[in-house]
Amino acid sequence: MFLVVGCDHKANHDHEGIKHESDSNQPDHIDTESHTLFTKYLELFVEFDPIVVGETSEFIIHLTQLNSYYAPLTKAEVILSLEIDGEHMQQFESQAGIPGIYHAVMSPDFSGEGRITLEINKGDFNDRFELDHIHVYSKSDEIHAHNQQAVFGQITYLKEQAWNTEFNVEPVVRISFSKVINASGEIMPMPGEKQNLIAKNNGIVLFSTRNLVQGSPVKKGDLLFTISGKGFTEDNISVKYHESRLQFEKSKNQYQRHKNLVEDRIVSESQFLESRNQYLADSVAYSNLEKSVSDGGLKVFATLNGYIHELNVSEGQYAATGSVLATISSNKVMLLRADVSQQHFANLGQINDATFRPAYTEKVYTIKELNGKLLAKASSVAENNHYMPVYFEVINDGSLLEGAFAEFHLKTAPQPGTLVVPVHAVIEEQNNYYVYVQISGERFLKKQIQRGDSDGIHAEVLSGLKEGERVVTKGAMLVKAASISSEPVHSHSH
């Protein structure tokens, strides 16, 4: 009969830290069996005592979700079955009392070669694990004691620790991976996505709102400034506006009068045409001023949606004709410039993609995720810095900062079947590279690797790992810290 209930794993689940050598004075120890199995969605780590007919054997079952985060599987139904020699079967089911940890107690009725099956059910989610070649003893005397041997360099990192930190383990895979050219560069606005607001007349600058500062969002058509000519005797925009209006009204009246008289041949056709042309010219001049000038002065509007990138004037400051009042940037379409060293000239033509990391963040972006594209590759060396610029266009998702520096990983010809690991899995120590490999549910081993190219997301592995090995991709430094801790030796007392 099997009994599956929740247990106080924290209180009784003792583990060892790193072990560097075996202790020949350790007493004989009855084996505690453990298994670690994986499906696409779950990791099973189970520990249990030798199984003897008529005696109680304890099982500690850990279930971890395998996805973008490493978390315990909670509130699941576990069905535990034991089949002996393909004939006798016993089973029992229950739910965990502690998230991710399930406690089973079994006392089988038959001995022999067995198979343990674990059925995991949670709503619409189902999964299954099978443990083959499980021996069920007829009596405890059949169990042979042994002298416990420690494994050099083995590190213990408990499931409870992993579940409560930013942690993940992923298999080593082969993908199509490009050769990489590393470069530095800058995030810039696309031409046309950044515009200057110019003073079209002399005067005193008046702000439309007290909240107008660098970084303020603006919409196309918003009134930002008024240039007042009040108090100026020359080049006064308000005076120009009134003069233009008077001239427009005068030419309009003259045109309408000639239009009536030309039919009666009181004025000549040439006089009528002259008055009409004058009216049209004065109408255009007045209309242009009327849109941007009021009694208060010349109005300056935002020319596109975006934000104030630079504010070059202050309230009450005098501005001369042609001076730049402010710069507006749309911040939507960005231009990425990667400065490539001349030593890579031979491979410049192979560049077709890139990843990049701005200096203000640890996030690595791909050109594809920002709906970007390669714009141009230099055909000559830039005069100012002696590098060869490569340009990409991307759509800003709101996280790119104009003017920021960035490091670029420029991709050339892809190489299929390249062994890679996530770049955060790799730890560098004195110019050597290491990863932590999971050898069982809570056991890890530090392995040195030879690292090749990196695109900021994946690192190429030239040697030291095999496809399918599972490495710590998040939390490698936590495992490193655990390697120097002094945890007590695992006693498997529950």
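pLDDT is the predictor's confidence in each residue, from 0 to 100. Colour this predicted model by that score to begin. The protein averages 83, and 84% of the residues score at least 70.

Select residues 1-29. Their pLDDT stays under 50, and the model gives them 97 contacts beyond four places in sequence. Now take residues 488-494. pLDDT is under 50 here too, with 23 such contacts. Where pLDDT is low, the predicted coordinates should not be read in detail.

**An open sheet.** Show β17, β25, β23 and β19. In that order the four strands make an open sheet with antiparallel pairing. β17 (194-198) and β19 (217-218) are the edges, each pairing on one side only. Zoom in on β23 (residues 306-311) and β25 (residues 324-329): four bridges join them in the antiparallel sense. Pick Leu311; its bridge partner in β25 is Ala326.

**Aromatic pairs.** The whole structure holds eight. Select Phe207 and Phe225. Their ring centres are 5.3 Å apart and their planes stand at 70°, so the pair is edge-to-face. Phe207 belongs to strand β18 and Phe225 to strand β20, 18 residues apart. Both Phe207 and Phe225 are buried.

Move to Phe356 and Phe408. This pair is stacked, at 5.7 Å centre to centre and 25° between the planes. Phe356 sits in β27 and Phe408 in β31, so the pair ties together parts 52 residues apart in sequence. Phe356 and Phe408 are buried.

Next, select Tyr70, Tyr157, Phe167 and Phe444, which form one aromatic cluster.

**Charges over rings.** Show Lys363: it lies over the face of Tyr365, 4.9 Å from the ring centre. Finish at Arg470, over the face of Phe38 at 3.8 Å from the ring centre.

Technical notes
Residues are numbered from 1 along each chain as its sequence is written. This is a predicted model: local features need pLDDT of at least 70, side-chain atom pairs count only at pLDDT 80 or more; totals for chains, interfaces and linings use all residues. Side-chain values use heavy atoms; hydrogens and water are left out. Two strands pair if DSSP finds at least two bridges between them. Helices (H or I, at least four residues) and strands (E, at least two) are DSSP runs, numbered from the N terminus. Contact means heavy atoms within 4.5 Å. Rings of Phe, Tyr and Trp (its six-membered ring) pair if their centres lie within 6.5 Å; planes under 30 degrees apart count as stacked, over 60 as edge-to-face and the rest as tilted. Buried means under 20% relative accessible area, exposed over 50%, partly exposed in between (1.4 Å probe, protein chains only). A charge sits over a ring if NZ of Lys or CZ of Arg is within 6 Å of the ring centre and within 35 degrees of the ring normal.
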